[in-house]
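Please open the structure in the viewer and keep the selection tool at hand.

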Amino acid sequence: MHFSIVGSGISGIATAIRLARLGHQVDVFEQHSTYGGKLGVLEMGEFRFDTGPSLFTMPQFVRELLDEDLNQKFQVETLPVLCNYFFSDHSRFQVSSNQDTFVKEAAQFFSENPKAISGFLEKSKIVYDITAPVFLENSLHKLSTYTKPTGLKGIANLWRLEMFKTMNQSLEKRFTNPKLVQFFSRYATYNGSDPYQAPATLNVIPHLEFEYGAHLPKLGMRQIADIMVEQALRLGVSFHYNQKVKSINYHNKMITSLSLENNQEFSTDGVIANVDAKIVYNKLLNIEIPKKIAQAENSSSALIFYWGINRSFPELDVHNIFFAENYKEEFKTIFKTLSLHHDPTIYINITSKVVKQDAPSDGENWFVMINVPYNNGQDWNQITHQAKSLILDKLSKHLKVDIQNHIVCESVLDPVTIESKTGSNKGSLYGSSSNDRMSAFFRQSNFSNQFDNLYFCGGSVHPGGGIPLCLLSAKIVSKVIFEKN
Ligand SMILES: Cc1cc2nc3c(=O)[nH]c(=O)nc-3n(C[C@H](O)[C@H](O)[C@H](O)COP(=O)(O)OP(=O)(O)OC[C@H]3O[C@@H](n4cnc5c(N)ncnc54)[C@H](O)[C@@H]3O)c2cc1C
């Protein structure tokens with residue numbers, strides 16, 4: 001059969017590989033001149049930056065897509081330090097990727113019972129192992145998912161998911177030190193959510209980081225998209241760049257063709273949309289967005305400064321966090337008042353710590369990000385200006401050096417540009433947030449209920465945003481298509 005994929009984000013490329021391996025003819029239409037969507041790249045003089053994702057977990061989901069020789073070519077560094085945390089009292093905690101070392105060091109640093117920490121991670125593992133095969137690796141919207149033995153086991157263990165508590169409530173019950181609670185709460189941001197609203201189910205995320213590690217491809221994050229496209233081309237997938245899809249056309253319950261912005265029409269046996277689901281309904285199908293999807297709250301967005309820095313900072317690692325003093329207030333500002341917090345938590349990613357060619361030998365490439373609300377018409381010029389000054393002030397105090405004096409080049413990405421560059425609704429990074437305990441069930445399913453041959457993959461659909469889950473959505477879509485054809 002002949003399938004068309006709209007969008008060449010990570011999930012679109014993964015779906016193309018999987019469908020081509022099933023023997024289908026695949027065309028991918030991308031509005032921009034290159035593939036990868038949010039996995040973009042930026043070069044400024046001697047500095048190179050990955051513009052989107054910086055944390056790579058569960059590389060096995062990329063590896064399983066690749067031929068053996070490409071797997072060898074795709075070299076990935078496993079980071080010994082997961083992240084460096086700087087707390088508002090200026091104390092600093094470095095997180096070892098070795099779980100036993102982490103438990104020992106965290107117990108000491110946070111004056112907490114090591115058994116409470118290891119018990120928490122062990123419980124997360126049990127929950128993940130029982131529920132992931134049901135809730136992350138299958139469609140939530142097919143009866144067969146629940147009638148298989150794994151499905152029945154998952155349902156029997158639903159109570160373990162702690163859906164009726166928030167992440168923060170669960171953490172506060174377990175730990176006494178507010179800094180440790182803050183540390184584990186941060187994992188809610190891995191899918192753009194608020195730990196004070198999101199269900200405690202998300203407490204499985206730290207387990208994934210310790211179990212599968214944090215990784216960085218030897219050539220930077222962009223290499224993930226590069227290697228996958230190389231694989232797709234090898235399998236005969238055709239990529240059409242600078243081809244914005246204007247509409248997905250249908251007759252009764254069947255998708256028949258795509259119309260491109262240049263007025264060309266492309267007939268097809270089926271479409272996989274790798275575009276934000278709300279935009280697929282609204283703009284491409286031109287029909288009403290199903291109510292539960294329309295009502296789903298967008299995930300948070302980000303404001304990112306890409307700074308070329310003319311010196312190195314040995315106290316920093318690949319991933320670094322400078323926490324806000326009042327984390328609860330910060331999330332309230334992001335999700336309730338939809339504005340900028342006066343003391344934002346700052347994330348700095350420095351790939352040049354590993355990928356030496358990303359910066360001159362005496363410099364570093366800083367990706368400086370704060371979480372901000374999705375675009376709701378705020379004045380982003382003014383917010384960017386204000387945020388830069390808050391960030392510079394805070395970093396200069398922590399690092400005891402005037403950072404402004406060391407910035408040699410700068411580029412900025414805000415929610416509006418995230419939307420225009422990647423097509424994400426309102427610039428949200430991860431589609432819809434997981435703040436509601438039913439969010440997982442309200443996300444767009446991987447297939448359409450209205451059209452027999454329309455499918456969905458990517459960050460805004462089941463099982464959610466972030467590279468690993470986007471790759472799982474590709475796996476689910478191809479399984480659904482395989483079972484159907
Ligand atoms: C700043 C930032 C930081 C992030 N950090 C992390 C991280 O550390 N770790 C992690 O795992 N995830 C992270 N994420 C999330 C992750 O990047 C996304 O979940 C994932 O890349 C989304 O992939 P996708 O397949 O949904 O496609 P997208 O990347 O959203 O790409 C969609 C593609 O569709 C194209 N398109 C849209 N409309 C049309 C149209 N009409 N016609 C043709 N083409 C169209 C777009 O141009 C784009 O190329 C981050 C995201 C951002 C933006």
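Begin by selecting helix 1 (residues 10-21) and helix 11 (residues 222-234), whose axes come within 9 Å and cross at roughly 25 degrees. Helices here are DSSP runs of H or I with at least four residues, numbered from the N terminus. The axes are lines fitted to C-alpha atoms over the stretch in contact, and angles run from 0 to 180 degrees between N-to-C directions. This is a predicted model, in which local features need pLDDT of at least 70 and side-chain atom pairs count only at pLDDT 80 or more, while totals for chains, interfaces and linings use all residues. Residues are numbered from 1 along each chain as its sequence is written, and side-chain values use heavy atoms, with hydrogens and water left out.

How are helix 1 and helix 11 oriented to each other, roughly parallel or roughly antiparallel? The two helices are roughly parallel; angles under 35 degrees count as roughly parallel, over 145 as roughly antiparallel, 65 to 115 as roughly perpendicular and the rest as oblique.

Next, display the side chains at this contact, where contact means heavy atoms within 4.5 Å. Helix 1 contributes Ile-10, Ile-13, Ala-14, Ile-17 and Arg-21, and helix 11 contributes Ile-224, Ala-225, Met-228, Val-229, Gln-231 and Ala-232.

Now select Ile-17, which lies in helix 1. Ile-17 has a relative accessible area of 0% and is therefore buried; buried means under 20% relative accessible area, exposed over 50%, and partly exposed in between, with a 1.4 Å probe and protein chains only. Residues up to four places away in sequence aside, Ile-17 touches Leu-65, Met-228, Gln-231, Ala-232 and Leu-235.

Move on to Cys-470, found in helix 18 (residues 467-484). Is Cys-470 buried or exposed? Its relative accessibility is 8%, so Cys-470 counts as buried. Beyond its neighbours within four places in sequence, Cys-470 is in contact with Ile-10, Ser-11, Gly-458, Gly-459, Gly-464 and Gly-465.

Finally, consider the cysteines. How many disulfides does the structure hold? The number is zero, a disulfide being a pair of cysteine sulfur atoms within 2.5 Å. For Cys-470, the nearest cysteine sulfur is that of Cys-457, 8.1 Å away.
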